[in-house]
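These notes are meant for a colleague who is opening this structure without having seen it before. Please keep the sequence and the model in view while going through the numbered points.

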Amino acid sequence: MHSVLRNPMRGIALKVSSVVVFLAMQTFIKLAGPDIPPGQVTFCRSFFALFPIMAYLAYIGQLRAGFHTANPVGHLKRGTIGILSMAFGFYGLLHLPLPEAIALGYALPLVAVIFAAVFLGETVRIYRWSAVFVGLVGVAIVSWPKLTLFRDGGMEAGQALGAVCVLLSAVLGGMAMIQVRRLVEEEKTATIVLYFSLTASVFSLASLPFGWLVLPWPSALYLIAAGFCGGVAQILLTESYRHADVSTVAPFEYTSILLGGIVGYFVFGDVPSVTMLIGTVIIVAAGIFIIYREHQLGIEQREARKATTPQA
C-alpha cells in the first residue's frame with residue numbers, strides 16, 4: 001500500500017511551499033492597506049479560503065465526510081479563539097514592518113509549550129522551560145523598541161499597538177492550538193480545517209455593522225488573493241505532514257524570516273533594525289531547540305516502547 005508512503009523530501013518541499021504561500025497571503029494583506037478593519041480582513045481571509053479548501057476536499061473525496069462532526073461545541077470554541085487570534089494578528093501585520101510582525105509571531109510555539117503544561121498536563125522539563133524563557137527574552141528584544149513608543153503619537157504609537165496585538169495573537173493562537181490538539185483525538189483534519197474557515201467567516205461577518213469599508217478594486221482583489229493563498233497554504237501544510245514527521249518539517253517554518261525580510265525590503269522598503277535581528281536570532285534558536293528536544297524525546301519514547309514490548 002502506498003497511501004502512507006513516507007517521503008521526507010516531498011514533505012519538506014510542501015512545507016517550504018506553504019511558508020511561501022502564507023508569506024504571499026501576508027504580503028497581499030499589507031498591500032491592501034493599513035486602514036481596513038481587522039474583522040473585514042479576517043472575513044476575506046476565511047471566506048475566500050473556503051474555495052480552494054472545498055475544491056481540494058472534493059478532489060480527494062472527503063468533502064461530504066468533512067462536514068460530519070461529533071463535536072460542534074469544540075469547533076465553536078476553536079473558531080472563536082482562532083478568529084480573535086487572526087484579527088489581532090492582522091491588525092499587527094497591517095501596522096508593523098513585515099519582518100517584525102513575522103518575528104513576533106514566533107512567540108506562538110513558545111506560548112504553546114506553556115499552555116500544554118498548564119492545560120493539557122504535559123510534562124515539560126527544564127530544557128524546554130529554559131528554551132521558552134530564552135525565546136521570550138528574544139520576543140522582548142524585538143518588541144521593546146515598539147512598546148516604548150506608546151508615549152509618542154502618530155504612526156509610531158500605532159506600531160506599538162501593533163506589536164501588542166501580534167503578541168496577543170500568539171497567546172490566543174497557543175490557546176487555539178490546545179483546542180486543536182483536543183479535537184484531533186476524535187475529528188478528521190479535513191473537518192477541523194473546514195469548520196474553522198466556516199466559523200471564522202460567520203463570526204467575522206458579524207463585525208460588518210462596526211464599520212467595514214467600501215474598498216477600491218485593488219484592495220478588494222488583494223484581500224481575495226490573500227484568502228485564496230490562506231486556503232492553499234493550509235492544504236500544503238496539511239499535506240506536508242502526510243509525508244514527513246512534524247519534527248522534520250517544523251524547522252523550515254523559519255525560512256519565512258529570511259523570505260519575509262527580502263519581501264519587506266523590496267516591496268515595502270522595511271530595513272530590519274539591529275535589535276530586530278538580534279531578537280529574531282534568539283527566538284529562532286529557542287524554537288529550533290524546542291523542536292530538537294521534541295524529536296529526541298520522541299526517539300527515546302519509541303525506544304522505550306520497543307524495549308518493553310514482549311517479543312514472540
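1. A definition is needed before the first packing is described: a crossing of two helices is called right-handed if the near helix is turned clockwise from the far one by less than a right angle, and left-handed if the turn is anticlockwise. In this predicted model, the crossing of α1 and α13 is right-handed. Helix α1 covers residues 8-32 and helix α13 residues 255-268, and the two pack at an angle of about 30° with their axes 10 Å apart.

2. The contact between these helices draws on V19, V20, L23, T27, K30 and L31 from α1, and on T255, S256, L259, G260, V263, V267 and F268 from α13. Sorted by class, the residues in the contact of α1 with α13 are eight nonpolar, four polar and one charged.

3. As for the chain as a whole, the protein chain holds 14 helices and zero strands. Of its 312 residues, 47% count as buried. Among the contacts in the protein chain with a separation of 6 or more, 89% come from residues 24 or more positions apart.

4. Setting aside residues up to four places away in sequence, L236 touches L14, S17, S18 and V21. The C-alpha atoms of L236 and V21 are separated by 8.9 Å, although the two residues are 215 residues apart along the chain.

5. The largest nonpolar core contains 49 residues, and those with the most contacts inside it are I29, V41, F90, L104 and L223. Apart from this core lies another, of nine residues, which include A49, L57, V193 and I235. If neighbours within four places in sequence are left aside, L223 is in contact with I29, A32, I36, V41, C44 and L215.

6. Helix α10, residues 189-205, has 17 residues and reaches 24 Å from its first C-alpha to its last, which is close to the 24 Å expected at 1.5 Å a residue. Twelve of the 17 residues of α10 are buried, so this helix is largely enclosed by the rest of the structure. Among the buried residues of α10 are V193, S197, A200 and S201.

7. S46 is buried, with a relative accessible area of 1%, and, not counting residues up to four places away in sequence, S46 touches M86, S197, A200 and S201.

8. In helix α3, residues 50-59, the buried residues include L50, P52, I53, Y56 and L57. What covers the buried residues of α3 includes α2, α4 (63-66), α10 and α11 (217-243). Just after α3, G61 takes a positive phi of about 75°.

9. Helix α6, residues 98-105, is mostly covered, with seven of its eight residues buried. These buried residues are L98, P99, E100, A101, I102, A103 and L104, and L104 is also one of the residues with the most contacts inside the largest nonpolar core.

Conventions: Residues are numbered from 1 along each chain as its sequence is written. This is a predicted model: local features need pLDDT of at least 70, side-chain atom pairs count only at pLDDT 80 or more; totals for chains, interfaces and linings use all residues. Side-chain values use heavy atoms; hydrogens and water are left out. Helices (H or I, at least four residues) and strands (E, at least two) are DSSP runs, numbered from the N terminus. The expected span of a helix is 1.5 Å times one less than its number of residues. Buried means under 20% relative accessible area, exposed over 50%, partly exposed in between (1.4 Å probe, protein chains only). A nonpolar core is a set of buried Ala, Val, Leu, Ile, Met, Phe, Trp, Tyr and Cys residues joined through side-chain atoms within 4.5 Å. Contact means heavy atoms within 4.5 Å. Axes are lines fitted to C-alpha atoms, for helices over the stretch in contact, and angles run from 0 to 180 degrees between N-to-C directions. Ala, Val, Leu, Ile, Met, Phe, Trp, Tyr, Cys and Pro count as nonpolar, Asp, Glu, Lys and Arg as charged, and the others, Gly among them, as polar.
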